[in-house]
Amino acid sequence: MSEILLDAAAFDAAIKKVAKDIFNQNKNIADLAVVGVQNKGVLIAKRFLSELCKIAKVSQETVPFGILDITLYRDDLDDFGADMPLIKDTEIPFDISRKNIILVDDVLYTGRTARAALDVLTDFGRPKCIQLAVLVDRGHRELPIEARYAGVRKVIDGKVKVECKEVDGRDRVIIL
Amino acid sequence: MSLNCKDLLGLEHLDKKDLQLILESVKPFKSLFTRSVKKTPTLIGKTVVTLFYEPSTRTRTSFEIAAKRLSADVVNISVGASSVVKGESLIDTGKTLEAMKADYVIIRHSLSGAPEILARNLNASIINAGDGFHEHPTQGLLDLYTMYEKKKKIEGLNVLLVGDILHSRVAKSNIWALTKMGANVAVAGPPTLIPPKIESLGVKVYYDLDEAVKRADVVNILRIQLERQQENLFPSVREYVELYQLTKERLGNAKPNVLVMHPGPMNRGIEISSAVADSSNAVINEQVTNGIAVRMAVLYLLKPSKTANKKQAALN
Amino acid sequence: MRQLNDRLIWAVNVTFNGTVKMSLQIKNIRIVDPSQNKDFVGDLFAENGRIVSKLSSVPKTVIDGSGKIAVPGLIDVHSHLREPGQEGKETIKTGTFAAAKGGITSVLCMPNTKPVIDNAPTVEFILFKAQKEGVVNVFPIGCATKGSLGEEISEIGVLKKAGIVAVSDDGSPVSSSQIMRRTLEYAKMFKFPVISHSEDKELSKNGVMNEGKNSMILGLRAIPRQAEEVMVARDIMLAELTGGFLHIAHVSTAGSVELIRQAKKKGVNVTAETCPHYFTLTDDIVKLYDTNTKMNPPLREQIDIDAVKAGLSDGTIDCIATDHAPHMQEEKNKEFDIAPFGIIGFETMLSLVLNELVDKKVLTLSQAVEKMSVNPAKIFNLEGRGSLKDGSFADITVIDPEYSYRFTKESIVSKSKNSPFIDRTFKGGAVIVAVGGKIVYKAA
């Protein structure tokens, strides 16, 4: 009973759109770094990065890339009871100070993940700015957080699932 | 993913899956240590009490740092040894902490089974920081993790524990964890310091350290308490040094990449020579660092909850 | 609990109001009396405190005993009533209530009270209290050595005149071989046993449980079997040397059973007792550091249980006693090392014997009664007890083999609740208990 929000082509177009928007607002690519939020945010971040580098005509290695896990910063750990979420890796292998960080997640919903991700990042240092980029902004915010870049912006009531080639075999976004 | 229990009283009751989960959970915590801010808000608003009936700066500090790096509020209570018999009963002390809404009580006690008493009577999570001659589970876990980190596996590893096995809670926790994970565990020491029936845990017993050291991938040296001599368990420190000190010469018979571990604090020149303690084989300082990460992982995985199953209850 | 106590108090009143003339008839009951080698269904009569073959007039009390079994009242040769001195744990009143509930009509109480029973006034105090407040017969045991210090023989002759039935330093051994030799030698003239608490204090030093795999895992200081066996062997040799009368208390190990078996074969004047926990529980149940599993000697292993059962069955072990050792909850609710040794046993002995020995065919019912009544009476010279023959004291335990119950903490009438058997379910137990022909306990 799922509805397709983005098929493979629309998925690709959305990635390209976001990459282009990022490039337009960050002409000085040397100050840029990309950080993906575990799990799917990391895959989407890699896509953004690769498109961005194509547009900017720079090698992907020149843009610092990091991943972060928000588990230890969640505000709902008390609700997990006996089944605590597994902690995943956080790797920020560069100094984030004075960087313009593009923080990437697959879906922006309540804003709580982004809030936690901001806390993780600021514990690593003081970046020049943090800009949020997502594939899907589905509305229903619970915190005053907005994405500067979004592939799609649409208020969605169902559950949104992002599938990526790397792990799901195909690119698409469905509403369950 | 969680340990299916409220308390960590010993490694005897954990299974391989639990140990694996802990091993895999340590790295993210350890990676925090290289950041400028080493803290996460994970246990914000939670109260951790360290209740120590035996002096132990190392273990208490390690737990305190672990809890603080998870943003918990930490209160340290030291109780004099004489109070064990004469002072307020352990249950009453525990109930007091409960009334103060402690979420975790980390207890070190000179008598075996003391953490069990708290666990039975309190809703807070109880972590055993060493009880009598019973267990010291977080030390066992940090030793396990250090071996895992250095050797990339536990299964098939030959681990030798040297010294006073009889009175060692560290040895006991090491044996449980390592045998469950498929390591080959041996102990070496004078017969008076090897507990009877230890072989029933799947452990090989050596009295000759030179012989025992040959096959070892890891040698974990235990601290020898000098008062054991007064109990007539060995004739003199001089003889103990002669027979059981891990020296450069003895280590020469071992594999070149053998790991040397010690739970600390070391008696340099007694159970371990300074040359060995400071050698490149020694990972004693890494053990200390790992201790904090392991304890953070335990605090995270034991997160107290109304829904947490009590593994102990199943035993009753 | 309240109900039960009320019933007991009622029973006491009956005892005292009915002292002038009593008569009792228990109809259609299976009478098992090993002292006369009898096992038949019939009527049991008692008049003026004694068993009689027929009553001189219409009985005041008539009870239908169909389906039940009457045996000579049980005699517990090893208990701690704690009075005088430790009334917080137990008193003669509460202890004898508990004994009655367990089907026990006579208890021998150990002298480690405060003060210890090494002087006539203390013996007299206990006998006076027992008569005033007790519901079963109480027979004090005196100290073997003054102050139970193991240094000088106590005034056994004076104590015997005051009413003791044996001597012992129970709780501690007589560590000096010379003093033990003298005690055995000296006590010969009184024709009662010297009871040995067999423990080598050096070997058992600081120990709190049996030495074995479990003590290793739990990290508790241990007591090897040999701590008991070394002393059993020594005391047997001293009994052999002196011709004295030795009774070995609370046998817990396979080695002790074998030593006693060999000694009896050689004709040494030795008898022995064990306790229900030594043929029921192993040290496996210590694993949660439950201090209600801490006693001295400690719970052993399966081979010991098997040996103790074999010893009971071949007659090596003469008696089953409780070693009823009450301790307050606040004393037991402590770290295992600190908590005192001992468990209560009055209220569970009979059911444990029935379930663990009779039902499992280790002993016949008749043999079980021998161990709990006939032999104790013989060994401790309790004249007129341990038998239902005419002229005996009318101490009667009526067992209902179908009486099923759960032994709950709330049901315990002893002042202390330190039992490892709490919440165990039993089938078979005492339902009516008469002491001197007066009914002192009746199950609901």
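Which residue in β2(B) does V49(B) stand opposite? In the predicted model described here, V49(B) faces V75(B) of β2(B). Local features in this predicted model need pLDDT of at least 70 and side-chain atom pairs count only at pLDDT 80 or more, whereas totals for chains, interfaces and linings use all residues. Residues are numbered from 1 along each chain as its sequence is written, and chains are lettered from A and ligands numbered from 1 in the order in which they are written.

The strands β1(B) and β2(B), the latter comprising residues 73-78 of chain B, run parallel and are joined by six bridges. Helices (H or I, at least four residues) and strands (E, at least two) are DSSP runs numbered from the N terminus, and two strands pair if DSSP finds at least two bridges between them. Strand β1 of chain B, residues 47-52, is largely enclosed by the rest of the structure, because five of its six residues are buried. A residue is buried if 20 or more other C-beta atoms lie within 10 Å of its own, exposed if 12 or fewer, and partly exposed in between, with C-beta atoms placed from the backbone.

V49(B) also belongs to the surroundings of V105(B): leaving aside neighbours within four places in sequence, V105(B) is in contact with V49(B), L51(B), G94(B), L97(B), L118(B), L122(B), A124(B) and I126(B). Two residues are in contact if their C-beta atoms, placed from the backbone, lie within 7 Å. V105(B) and L160(B) have the most contacts inside the largest nonpolar core, which has 235 residues. Such a core is a set of buried Ala, Val, Leu, Ile, Met, Phe, Trp, Tyr and Cys residues joined through C-beta atoms within 7 Å. The largest share of this core, nine residues, is supplied by α13(B). Another core, of 53 residues, lies apart from it and includes V42(A), I92(A), L103(A) and A147(A). In soluble globular proteins, nonpolar side chains tend to be buried together.

Chain B is divided into domain 1 (16-136 + 290-306) and domain 2 (137-288), with bounds that come from an automatic or database domain assignment. The C-alpha centres of domain 1 and domain 2 of chain B are 25 Å apart. Their contact involves 21 residues from domain 1 of chain B and 24 residues from domain 2 of chain B. On the domain 1 side, the elements that give two or more residues are α1 (16-32), β4 (125-131) and α13 (284-301) of chain B. The residues of that side comprise nine nonpolar, seven polar and five charged. Here Ala, Val, Leu, Ile, Met, Phe, Trp, Tyr, Cys and Pro count as nonpolar, Asp, Glu, Lys and Arg as charged, and the others, Gly among them, as polar.

In chain C, the domain assignment gives domain 1 (2-70 + 392-442) and domain 2 (73-379). The centres of these two domains of chain C, taken over C-alpha atoms, are separated by 25 Å. Domain 1 of chain C contributes 32 residues to the contact and domain 2 of chain C contributes 43 residues. At least two residues of the domain 1 side come from each of α1 (2-17), β16 (396-407), β17 (424-435) and β18 (438-442) of chain C. β17(C) gives the most to this side, with seven residues. The side divides into 18 nonpolar, nine polar and five charged residues.

Chain A and chain C do not touch, and their nearest C-alpha atoms are 23 Å apart.

In chain A, three strands form an open antiparallel sheet in the order β1-β8-β7. Its edge strands, each pairing on one side only, are β1 (3-6) and β7 (160-163) of chain A. β1(A) pairs with β8(A), residues 172-175, in the antiparallel sense over three bridges, and I4(A) stands opposite I174(A) in β8(A). D157(A) is placed in the loop between β6 (149-153) and β7 of chain A. D157(A) is exposed, with 9 other C-beta atoms within 10 Å.
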